[in-house]
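Here is a short note for a colleague opening this structure. The points below can be read with the view beside them.

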Amino acid sequence: MSMINERTIKDHGLSLEEYSSIVSLIGKEPNITELAIFSVMWSEHCGYKSSRVYLKGLPAKGKYVIQGPGENAGILDIGDGLAVVFKIESHNHPSFIEPYQGAATGVGGILRDIFTMGARPIAVLDSLRFGPLEDPRNKVIMEGVVSGIAGYGNSIGIPTVGGEIAFEEGYSLNPLVNVFALGLAEKDKIFYARAEGKGNPVLYVGAKTGRDGIHGATMASAEFGRDTEHKRPNVQVGDPFKEKLLLEACLEVMSSDMIVGIQDMGAAGLTCSTTEMAARTGAGMEIDLDLVPQREEGMTPYEIMLSESQERMLICARKEKVAEVQAVFAKWDLDAVVIGQVTEGGRLKVRFKGNEVVDIPVDAVVNLCPAYRRPAREPAFLRKVSRLPEIPLPADFNEVFSKILSSPSIADKEWVFRQYDHMIQVNTVFLPGADAAVLRIKGSKKALAMTLDGNSFYAYLNPRQGARIAVAEACRNLACVGARPIGVTNCLNFGNPEKPEVMWQFKEAVGGISEACRTFEIPVTGGNVSFYNDTEGASIHPTPVLGIVGTIEDIGRAVRPGFRKTGDAIILLGENKDELGGSEYLRICFGLQKGIPPEIDLAAEKRVQEMCLEAIEKGLLSSAHDVSDGGLAVCLAECAFHSGERLGCSIDLGDRIRADALLFGESQSRIVVTTSSRRAGDVLALAQKRKVKARLIGRTGGRDIVVRVRRREIVRIPVKDAFKAWKESIPSRYKIKE
Amino acid sequence: MKFGVVMFPGSNCDHDTFHVLRDIIGRDTVFLWHKNHDLQDVDVVVLPGGFSYGDYLRSGAIARFSPLMQEVRAFAKNGGHVLGICNGFQILLELGLLPGAMLRNKNLKFLCQFVHIRIENDRTDFTRAGKKGQILKIPIAHFDGNYYAPNEVINDIRGNGQVVFRYCDADGRLTDEANVNGSMDSIAGLMSAKGNVMGLMPHPERASEALLGSEDGQIIFRSLIEAIENKGRKSRCP
């Protein structure tokens with residue numbers, strides 16, 4: 001009764017060649033349900049067809065790694081019998097179609113990846129990209145995404161402690177929502193997505209299955225047109241309350257020896273969890289769909305297998321412990337139903353109303369998805385955009401300064417993060433806005449720091465350089481709070497990989513991440529690739545986002561970005577260079593996305609970070625803040641804004657480079673630190689010892705930010721005016737007119 | 001003395017409150033499961049923050065029907081101390097143990113931030129360790145914290161000294177700006193006429209450790225300990 005024709009194959013996002021290889025792998029023509037299983041598991045989203053050959057080049061080993069790529073999340077040993085479980089994932093496509101639910105289920109999905117491994121999630125961070133807020137549609141999308149993240153995270157009770165937001169035209173029809181989550185687990189109580197032991201029961205737990213989210217994974221593997229309304233039913237609907245119950249029930253089950261393995265039902269739902277859990281051990285699985293809790297009537301096997309209804313998990317329990325598992329879920333008012341068992345022989349067999357509707361080898365589904373080395377070609381536009389036209393020096397630096405401070409990408413994001421509960425679980429030591437989020441570990445002097453970074457403007461002009469800088473900046477952010485990086489997760493957002501130019505950008509970016517991670521000796525333990533970020537044929541800027549986790553040995557030593565007291569010495573670590581390419585300054589003042597992104601010497605960068613860390617660990621610094629978007633001027637302003645009483649500063653620079661590059665250029669490997677006058681000498685001596693360029697550039701104090709270049713004053717702006725420009729920019733765009 | 005922290009499905013500040021009471025304040029603390037009828041001989045029942053039952057209906061509207069709440073109601077009637085924090089405050093309003101209701105915040109957004117509140121009455125079992133006029137730095141985190149009650153109720157609770165905390169600025173002034181959620185009369189915390197039940201929107205458990213930015217929240221827990229462990233040393237109110 002085969003209903004498979006060319007059209008069906010195409011509608012399932014598979015090529016004819018892929019179809020032939022499915023037929024030869026399973027030794028028969030698949031029926032429609034079997035075809036659907038392959039279509040989601042071999043989609044770009046689940047199968048990493050275009051990216052796998054490159055991702056293999058990322059360093060995945062390191063002394064702290066307990067689990068590298070390939071599981072639900074990466075795991076690192078942080079000592080004292082504890083491990084961190086963390087990962088980042090994109091929910092870009094759903095968030096465009098339905099911003100609130102798209103973002104909410106992005107949070108829900110990544111949290112399940114964390115607690116399915118036995119870790120209690122303790123932090124969420126988000127990297128968001130939107131089109132300019134001048135367009136009301138973008139305002140609506142941003143408002144929806146932010147409320148969605150808040151709605152889910154606040155209710156389930158996991159703090160959203162940081163992240164980043166940037167704006168660019170290319171994200172207007174394709175916002176990016178990348179959600180990072182981290183959990184804390186006991187090292188000897190980690191669980192994996194595996195089913196083994198013939199006859200061990202397979203339990204379905206959590207919410208009931210409905211028709212929502214069918215083909216979500218395939219949707220994330222194709223371009224969009226303007227007409228996406230009809231895709232709305234593909235977006236799942238989140239229920240954070242249900243997930244909270246699921247979280248508590250799962251952790252309770254995991255606290256004693258009741259289960260063999262567990263996997264969440266995320267993308268591709270029951271299909272992904274059954275096949276992956278079996279494939280990991282070489283086992284097989286039999287399930288009966290009539291036993292699956294359903295909230296709609298008349299669902300077909302195809303729909304049940306592909307549903308992406310949220311807040312569900314699949315558990316392989318120990319045979320003799322089923323009743324205990326069920327009792328725990330009953331306590332939390334959740335379904336826990338035995339729907340099948342583990343078998344030998346490596347096949348997935350699915351029954352429905354007494355008939356066998358699926359019989360396929362799980363290995364083919366999970367492990368034999370084709371990998372492509374797609375054609376890659378350097379985009380022709382790069383040559384054009386790399387040349388900068390003549391840039392006139394600004395007449396009024398104060399005006400330019402205010403303008404940059406009020407650019408939404410630079411401006412204060414409190415409007416966003418105060419909608420997120422960022423203090424729940426009482427671990428948040430640094431509130432959002434610091435260089436990195438810092439969380440204490442209860443009962444220990446140790447703390448965790450984490451940050452998300454990515455600069456798509458650099459990556460657009462040079463993907464390899466952009467990626468290297470993203471890694472460097474994330475590590476620098478950690479260094480500024482006093483944390484040493486221990487591991488990386490990445491979210492790679494790109495256009496359609498079938499376009500050679502996009503494939504080239506991807507290849508270059510992954511190469512850049514790999515180089516930088518090797519220099520910093522940090523493993524990439526997993527992540528997510530989001531291709532097909534194209535709408536109406538236009539690709540987004542390549543946007544690699546890096547999530548890096550670090551540890552602080554003594555929380556008492558952690559350092560904040562804000563100036564601490566009047567009269568402190570301000571010391572610049574690193575060098576100012578004559579670089580303007582890819583800067584916020586060029587975008588804001590000249591509407592230009594051009595030039596060559598800042599250069600970066602990874603070895604020099606590492607020396608700066610190591611030196612900053614040593615200074616912090618020795619207790620030499622009052623504050624530290626990295627120089628990034630908006631350059632030295634914005635960095636100094638942020639140091640002033642984060643000081644308790646809006647302390648100003650007075651800076652003297654002698655560099656013989658363009659004054660605009662000096663103030664607003666984004667040269668890398670720079671950190672502004674402050675220290676008491678008494679200790680300035682120690683800091684400079686340490687820098688010298690560590691072969692880091694460092695010099696005294698000024699003093700904290702006063703009510704103004706004053707910058708002199710070769711004795712000529714070019715900036716003098718009251719901190720309160722600069723603060724106002726920075727603080728009110730985003731809220732003013734959302735002000736309700738009275 | 002012993003604290004009991006109620007766990008509803010969807011409570012999410014239960015562990016935080018438990019941590020502070022046991023590990024920071026250093027008193028016996030137990031969890032009280034919503035499906036039980038056993039208050040385990042606690043001296044103070046704490047209804048913690050969170051999203052009980054998801055709060056898909058009015059915040060706290062379902063939690064009031066939990067089996068345990070019958071015992072809590074009786075406990076309160078007999079003069080037992082009940083402290084409702086955030087969602088716990090909303091539940092106390094739904095239960096009718098405190099007057100009034102919560103509306104959405106005036107800016108129609110969830111708000112998580114440090115605010116300042118002023119002790120309006122220090123002759124209570126929840127504030128006796130502080131001083132009238134004292135300003136506390138303490139976080140809020142809620143969507144529905146915009147306190148509302150009819151004018152006659154407001155007049156009554158003012159007259160009875162039931163207003164325990166008001167939102168204020170860092171210098172203790174009551175301003176519109178400081179009243180971030182738009183509460184009537186800037187009310188942040190309110191107690192029953194008998195003075196044994198109090199609800200407040202801010203989270204004292206989040207302001208109990210210097211490392212996290214404030215220890216001011218401890219005043220509330222320490223006041224309760226003082227009231228219960230040294231009964232009668234300071235005159236009860238009102």
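1. A term comes before the first point: a residue counts as buried if 20 or more other C-beta atoms lie within 10 Å of its own, and as exposed if 12 or fewer do. Please keep in mind that this is a predicted model.

2. Start with helix α13 of chain A, residues 322-331. Its buried residues are A:Val325, A:Val328 and A:Phe329. Seen down the axis of α13(A), these fall within an arc of 95°, so they line one face of the helix.

3. Now turn to the opposite face of α13(A). The face turned away from the buried side carries the exposed residues A:Ala323, A:Ala327 and A:Ala330.

4. Next, the largest nonpolar core. It has 316 residues. Those that touch the most other members are A:Val438, A:Ala449, A:Val471, A:Val481, A:Leu573, A:Cys612 and A:Leu636. Helix α19 of chain A (residues 463-481) gives the most to this core, with 11 residues.

5. Leaving aside neighbours within four places in sequence, A:Leu636 is in contact with A:Cys649, A:Ile651, A:Val672 and A:Ile705.

6. Then look at a helix pair in chain A. Helix α22 (residues 602-617) packs with helix α25 (residues 677-689) at an angle of about 145°. Their axes are 10 Å apart. The crossing of α22(A) past α25(A) is right-handed.

7. Which residues meet in this pair? From α22(A) come A:Met611, A:Glu614 and A:Ala615, and from α25(A) come A:Val683, A:Leu686 and A:Ala687. By class, the residues of the contact of α22(A) with α25(A) are five nonpolar, no polar and one charged.

8. Last, the two chains. Here 21 residues of chain B are in contact with 25 residues of chain A. On the side of chain B that touches chain A, α1 (14-24), β6 (111-119) and β7 (135-142) of chain B each supply at least two residues. The largest share, three residues, comes from β6(B). By class, this side of chain B has 11 nonpolar, six polar and four charged residues.

How values were computed
Residues numbered from 1 in each chain as written. Chains lettered and ligands numbered in written order. Predicted model: local features only at pLDDT ≥ 70, side-chain atom pairs only at ≥ 80, totals over all residues. Core = buried A, V, L, I, M, F, W, Y, C linked by C-beta atoms within 7 Å. Helix = DSSP H or I, 4+ residues; strand = E, 2+ residues; numbered from the N terminus. Contact = placed C-beta atoms within 7 Å. Arc of directions from axis to C-beta. Nonpolar A, V, L, I, M, F, W, Y, C, P; charged D, E, K, R; others polar. Axes fitted to C-alpha atoms, helices over the stretch in contact; angles between N-to-C directions. Left-handed = near helix turned anticlockwise from the far one by under 90°.
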